[in-house]
Amino acid sequence: MATPLEGRTILVTGAGRGIGSEVAKLAGSLGANVIVNDPGVNVDGTGHDDGPAATIAKEITDAGGNAAANFDTVATEAGGENMIKQAVDAYGRIDGVIHVAGILRDRMIFNMTEEEWDDVIAVHLTGYFNVAKPASVLMRQQRHGRIVGFSSGSGLRGNTGQGNYAAAKAGIAGATRCLARDLGRYGVTANAIAPGAATRMTATVPDASRELRAQAGIEGAVRRTSAVSELREPKYVAPMTVYLMTDQAWDVNGKVFNVSGGQVSVSHEVESYREIHKPDRWTIDELRDLVPSVLLAGLRNPAPPPDDLDIPGRATA
Amino acid sequence: MGVLDGKVAVVTGSGRGIGRGIAMLYAAEGAKVIVNDPGVAVDGSGHDEGPAAQVANEIKAAGGEASPNFDSVAEFSGGENMVKQAVDTYGRIDILVNVAGILRDRMVFNMSHQEWDDVIAVHLKGHFNTIKPASVLMRQQRFGRIINFSSSSGLIGNTGQVNYGAAKAGIAGLTRGIARDLGRYGITVNAISPGAATRMTATVPDAARDLRAQAGVSGAASAAPVQESKFARRDPDDVAPMAGYLASDDAWNINGQVFYVNGGRVGLTNHPVPQDGVFKPGLWTMAELDDAVHNVMLKNKNNPAPPRDDMEIAGRDVAAKPLA
C-alpha cells in the first residue's frame, strides 16, 4: 500500500474505540506515526482503562506500523500538553492532531446539572483547545500542520436532550473556522468532521425515545434513513478524516465535512440568506409583519407546542 | 400599551451597548426589567455597579419598572440570583436575554488557557447559567422567551478569536439544541448575531483589520455576509427592535433560529446543512477523496487564509498526482 503519510506524526484523541480507533488504524496503515490517545473512560466519562489505547497501538504495530499509546485525558491543559510532548519525544515532531475524544451526559436543559454541562464542555470543546494550542505552536514553527476537530449534526442542526453536547459540537465548528484563519498563513489547516456512525455513543439513545420525539413533532430526533443507512460502521468515517492529513489537502481549510457511510459532503457555510433592509431603525410593528412572511416563509418550529396548549399570540397570528 | 406589557425580563450585560438598548426598549414596551451588569471592563476585569444602576434609573425616570443586578453570569449562582431576583421582585420570569460578554483576543498559538477559560465561562457557560434556572420556571408556566447572542466570529470565523468564536458558535448550537427541548412547552429559543459599533468592537484596531485583509485572510474585514451599506448603521440600539419582536407574543412560533441584525439589515442565517455531497457504496480511497474534495465539495469555496505563494507547501505542486 502507498504510504502518503510516511514520516508524519499524528495524534488521535479518543482512539481506543469507535471512530477514533478506525482513524488511528488507517493513518498507521498509510505510514504515519500515531499517538493513540484514550484514557478508556465510559461513555459518561467515568472510569479509566489503559486497555483500549494499548490494544489499538498494538494492532497498528503488529501490522507493521508505528504507534504509541497515551492514556491522558484531553479535558486538562496538562493532558493535552503531554500528548503533544509524547509525539515529539517519540517521533520528533507533530504534524496532525485529530480530536475525536468525547463523552455524553444527555439531559433535557431544565434538568441538566452544572456538572453535566461542565464535563461535556471540558472534554469536547476545551479538550480541542487543550491539544490544538500546544500543537499550533510547533506547527506554526515548522510551517506545516493539520488539525481536525469532530463536530456533530447535534450542534450544527440541533437535537433534544443535548444542550451541552450541541453547544460543544457547534463550538468545535466555530473554533475550527477561527483556527483556520489564525493558522492558514503558516501552512497549517484546520477542518472539522461531523460524523454519522453507530458507536457506543449513539447506542445510548434508545430507539423508543427517538420515536416518541418524532411522534411529538420534534425535529432531529430520528436518524435519517436512506439507501446508505446500513453503512453505519465507524470505519467509513476514517478515509475523509485521514485524507485531511495528506499533503494533497494543503488548501482545504476552515471547512466542516459531513461523513457517514459512503456519504461525504461539505457543510453550507453560514450566511444571512434572507434579508430585509431599511435605512433606519426597524419598529417592532414592522418586524411583526415582515419577519414571518419574508425571513421565515416556509420554515417551521422544530418543536411546536401541542395544539391544545394555550399559547398567547397563537390565536391572533 | 406596549407589546411586552406585564412581562418580566432579565437582560444580562445590559449596563452598556446592545444590552442597554434592549433593556430600554423592553421597558418602554411595558416589561419589568432586571438590568444585569457587573460593570466589568471588556476583558472581564474590575467591577462597577454604576452601569446597571444607571440604566435601571433611566428606565424608572422614564416611567418604567426596572431593578439592577450586579452578579456575574460566569457563576452558576449568579445566573440563579438573576432569575430569583426577577421572581422575588416581579413574581415571574418571561423573557431571558443573554447579551453579557467579554473579549480576550489572541492568536491561538499565543493564547493562554486562562484566556480561553474566561471567555468560554462568560459567553457559553454564562448562557447555561441563566438558561437552566429560567427554563425550569418557563416550562412550569408553559411560556417563555430566550434570546441568545451569537456572532459572525463563530458562525463565519475570524482571526485572533478562537475562544470567542468557539463560544459564539457554541451558543448557536445550544440555541438549536434547547429550542427542541423547550418548544413543546410554549417556550422559544432564538439567537441574534449582531453587528454594531460598541466598546467590544472598538478593541480591534482598523489597522489590524486592514493588514489581515491585505494578507488575504478572510473574516476580518468581511465578517458581514454582504458588504457594509447604508442599511448597516452599526448603532447598538438598532439591535433592540428584533429582540423586542422575538420576545413578543406574536413571535410564539419562531424557534431555533439565528438572526443577523446590523442597523436596518435584519437577516435569517441558514443552518449549516450538508451540500455538494458525493456517495460511494463502500470505503473511499485517498485518491478518490482528493478528486471529490477539490472538484465537487470545494469547487466554489476557497481557503480563508491561504499560505503565501513563496512559501514551500508540501502538496501544493502535486495536487493532481494520485495518492494510492
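Predicted model: local features only at pLDDT ≥ 70, side-chain atom pairs only at ≥ 80, totals over all residues.
View 1. Helix α1 of chain A, residues 18-29, lies across β1, β2, β3, β4 (96-99) and β6 (188-196) of chain A. Relative to β1(A), helix α1 runs at about 170°.

**View 2. The open sheet of nine strands.** The strands follow the order β3(A)-β2(A)-β1(A)-β4(A)-β5(A)-β6(A)-β7(A)-β8(A)-β9(B), and their pairing is mixed. At the edges stand β3 (66-70) of chain A and β9 (274-279) of chain B; each has a single partner strand, so one side of each is left without a neighbour in the sheet. On average, neighbouring strands of this sheet are turned by 20° against each other, direction ignored.

**View 3. Pairing of β1 and β2 in chain A.** Strand β1 (residues 9-13) and strand β2 (residues 33-37) of chain A run parallel and are joined by four bridges.

**View 4. Helices α4 and α6 of chain A.** The axes of α4 (residues 114-142) and α6 (residues 163-183) of chain A come within 9 Å and cross at roughly 15°. Because of this angle, α4(A) is roughly parallel to α6(A). The crossing of α4(A) with α6(A) is right-handed. Residues of α4(A) in the contact include A:Trp117, A:Val120, A:Ile121, A:Leu125 and A:Tyr128. From α6(A), the contributors include A:Tyr165, A:Ala168, A:Ile172, A:Ala175 and A:Leu179. By class, this contact has 14 nonpolar, four polar and three charged residues.

**View 5. Strand β9 of chain A beside β8 of chain B.** Strand β9 of chain A (residues 272-277) runs antiparallel to β8(B), and five bridges join the two strands. Among the residues involved, A:Glu275 has B:Gly267 as its bridge partner in β8(B).

**View 6. The side of chain B that touches chain A.** The contact between the chains takes 110 residues from chain A and 109 residues from chain B. On chain B, the elements that give two or more residues are α4 (113-141), α5 (152-155), α6 (162-182), α8 (240-247), β8 (265-269), β9 and α9 (286-297). Of these, α6(B) gives the most, with 17 residues. The side of chain B that touches chain A has, by class, 60 nonpolar, 31 polar and 18 charged residues.

How values were computed
Residues numbered from 1 in each chain as written. Chains lettered and ligands numbered in written order. Axes fitted to C-alpha atoms, helices over the stretch in contact; angles between N-to-C directions. Parallel < 35°, antiparallel > 145°, perpendicular 65-115°, else oblique. Left-handed = near helix turned anticlockwise from the far one by under 90°. Contact = placed C-beta atoms within 7 Å. Nonpolar A, V, L, I, M, F, W, Y, C, P; charged D, E, K, R; others polar. Pairing = 2+ DSSP bridges.
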